[in-house]
Amino acid sequence: AVLDAAREPLVTVDAYALMAKKLKPDGLVVQWLPLYETDDETLQLILRSFVTVFPNATLWQTQAMDTVIIGSNTPWRPDFAAFEQRAREPNVAAELKRAGIAFPAMTFMLQLLTPDAIGRLASDGPLNSLRYPRLEYQAPVAFYADATAMGPYKLDTRLRAGGAADPDNLLARYLAWRKQPLSADEFAAYAGYQAEHLPLNA
């Protein structure tokens with residue numbers, strides 16, 4: 001797991017600062033962040049440490065209780081036209097289909113949290129660092145309690161009151177760019193994906 005003692009130094013502000021120095025101008029940092037065998041307090045510690053270095057971070061659903069956090073040194077501004085073009089290339093389309101992504105829009109449907117939402121979830125508090133390795137002592141408690149962090153799903157920016165997506169969510173921005181709402185086929189494909197991957201207690 002990403003939270004075990006051997007990998008804990010990679011989840012520190014020190015490691016993130018080093019990553020930031022090594023990034024190219026348009027580079028991205030992607031880190032696996034499981035929500036199982038952890039709790040919201042531990043998740044907040046990790047997110048808080050990450051966004052201290054990468055304030056433009058976003059959180060993405062992969063499987064039911066698996067997510068990835070993506071950070072960059074500058075705000076991420078995806079080229080939607082280039083993305084659609086790449087997604088239609090046979091090799092890329094085949095890999096997306098293998099992952100359950102039937103339409104380009106489904107990629108953006110997997111964004112759980114915007115930078116603002118991550119900041120709200122992380123809230124104020126201590127950081128995890130090499131000097132103060134709080135995660136090394138905190139994570140095992142949640143692990144042995146078989147806890148699950150549900151905070152990201154409670155703040156899911158794909159939905160708001162009334163069913164509207166957060167305007168800062170990339171799905172909302174993608175649909176505004178293409179000037180076309182989700183089609184019935186896109187909804188059906190997304191519903192099938194979530195039926196397989198979304199946690200029952202979310």
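The model is a predicted one, and pLDDT is the predictor's confidence in each residue, on a scale from 0 to 100. Over the protein chain the average pLDDT is 87, and 91% of the residues score at least 70. Where pLDDT is low, the predicted coordinates should not be read in detail.

Four strands form an open sheet, their order is 1-3-2-4, and the pairing is antiparallel. Strand 1 (29–34) and strand 4 (111–113) stand at the edges; each has a single partner strand, so one side of each is left without a neighbour in the sheet. Neighbouring strands of this sheet are turned against each other by 35° on average, with direction ignored. In general, strands of a sheet pair through backbone hydrogen bonds, and the pairing is either parallel or antiparallel.

Strand 1 pairs with strand 3 (residues 66–71) in the antiparallel sense, over six bridges. Pro34 stands opposite Asp66 in strand 3. Strand 3 is also joined to strand 2 (residues 58–63), by five bridges, and these two strands run antiparallel. A hairpin of two residues links strand 2 to strand 3. Strand 2 is joined to strand 4 by two bridges, and this pair also runs antiparallel. Trp60 shows both of these pairings: it stands opposite Val68 in strand 3, and its bridge partner in strand 4 is Gln111.

Next come the helices. The axes of helix 1 (residues 13–22) and helix 2 (residues 40–53) come within 9 Å and cross at roughly 30°. Angles under 35 degrees count as roughly parallel, and helix 1 and helix 2 are therefore roughly parallel to each other. Their crossing is right-handed. On the helix 1 side, Val13, Tyr16, Ala17 and Ala20 meet Ile46, Ser49, Phe50, Thr52 and Val53 of helix 2. Sorted by class, this contact of helix 1 with helix 2 has seven nonpolar residues, two polar ones and no charged ones.

Helix 2 also meets helix 7. The axes of helix 2 and helix 7 come within 9 Å and cross at roughly 150°. The two helices are therefore roughly antiparallel to each other, and helix 2 passes helix 7 in a left-handed crossing. Glu41, Thr42, Leu45 and Ile46 of helix 2 make the contact with Arg134, Leu135, Gln138, Ala139 and Ala142 of helix 7. By class, the contact of helix 2 with helix 7 has five nonpolar, two polar and two charged residues.

Helix 3 (residues 80–87) and helix 9 (residues 170–178) pack at an angle of about 90°, and their axes are 11 Å apart. That makes helix 3 roughly perpendicular to helix 9. Phe80, Ala81 and Glu84 in helix 3 meet Leu170, Arg173, Tyr174 and Trp177 in helix 9. By class, the contact of helix 3 with helix 9 has five nonpolar residues, no polar ones and two charged ones.

Key
Residues numbered from 1 in each chain as written. Predicted model: local features only at pLDDT ≥ 70, side-chain atom pairs only at ≥ 80, totals over all residues. Heavy atoms only, no water. Axes fitted to C-alpha atoms, helices over the stretch in contact; angles between N-to-C directions. Parallel < 35°, antiparallel > 145°, perpendicular 65-115°, else oblique. Left-handed = near helix turned anticlockwise from the far one by under 90°. Contact = heavy atoms within 4.5 Å. Nonpolar A, V, L, I, M, F, W, Y, C, P; charged D, E, K, R; others polar. Pairing = 2+ DSSP bridges.
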